[in-house]
Amino acid sequence: MDQRISLITFGARDAAALAGFYDALGWVRTDSPDGVIAYDLIGQTLGLYPLDKLAEDIGVDVETLGHGAATYAYNVAHKNQVAPLLAKAEAAGGKILRAASDVFWGGHIGYFSDPEGHIWEVAYNPFSPLGPDGAFRWNGYG
């Protein structure tokens with residue numbers, strides 16, 4: 001198995017409303033079959049899929065699908081990009097969980113949740129500079 005994630009799917013109680021949030025962040029949808037809303041990312045795709053349909057696909061009751069202890073990180077190239085991105089998420093209907101601030105390891109981060117509770121970290125990591133196309137690697141490109 002290659003070390004990659006091809007598709008991240010968020011089960012959504014209201015996929016259209018959740019898509020409106022990501023649209024407001026400036027993300028652009030890609031063509032997709034009915035029932036799936038997709039955004040192509042750098043090297044992956046984020047899919048939004050009705051929660052009840054996701055449970056049906058997996059073969060479990062919808063009540064068993066909660067929010068696990070997971071976060072999704074969006075790294076930026078400069079420290080001064082963190083706070084404005086958090087503000088944009090809040091203006092789009094997200095909730096700020098942690099304001100932009102310096103952290104012990106030398107970075108600068110903040111957290112928000114989307115309208116359905118998926119948690120995002122916005123991070124500047126001086127030890128992991130982004131590639132020319134914005135791609136992230138743990139030890140950076142260089």
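First, the ground rules. This is a predicted model, in which local features need pLDDT of at least 70, side-chain atom pairs count only at pLDDT 80 or more, and totals for chains, interfaces and linings use all residues. Residues are numbered from 1 along each chain as its sequence is written, and side-chain values use heavy atoms, with hydrogens and water left out.

Let's start with helix H1, residues 15–24. Helices (H or I, at least four residues) and strands (E, at least two) are DSSP runs, numbered from the N terminus. Which residues of H1 are buried? They are Ala15, Leu18, Ala19, Phe21 and Tyr22. Buried means under 20% relative accessible area, exposed means over 50%, and partly exposed is in between (1.4 Å probe, protein chains only). Look down the axis of H1: the buried residues fall within an arc of 150 degrees, so they line one face of the helix. That arc is taken from the directions from the helix axis to the C-beta atoms.

What do these buried residues pack against? Strands E1 (7–12), E2 (37–40), E3 (45–50), E6 and E7 (119–124), plus helix H3 (82–91). Just after H1, Gly26 takes a positive phi of about 100 degrees.

Now the rings. Rings of Phe, Tyr and Trp (its six-membered ring) pair if their centres lie within 6.5 Å; planes under 30 degrees apart are stacked, over 60 edge-to-face, and the rest tilted. The count comes to 11 aromatic pairs. Take Tyr22 and Trp27: their ring centres are 5.3 Å apart and their planes stand at 40 degrees, so this pair is tilted. Tyr22 is buried, at 0% relative accessible area. Trp27 is partly exposed, at 21%. Both belong to a cluster linked by ring pairs, together with Phe10, Phe21, Tyr39, Tyr72, Phe112 and Trp120.

Next, the hairpin. Strands E5 (residues 95–102) and E6 (residues 108–113) run antiparallel, joined by 5 bridges. Two strands pair if DSSP finds at least two bridges between them. Arg98 stands opposite Tyr111 in E6. The hairpin has 5 residues between its strands, and Gly106 takes a positive phi near 105 degrees.

Val103 is in that loop between E5 and E6. Is Val103 buried or exposed? Its relative accessibility is 13%, so Val103 counts as buried. What does it touch? Leaving aside neighbours within four places in sequence, Val103 is in contact (heavy atoms within 4.5 Å) with Arg98, His108 and Ile109.
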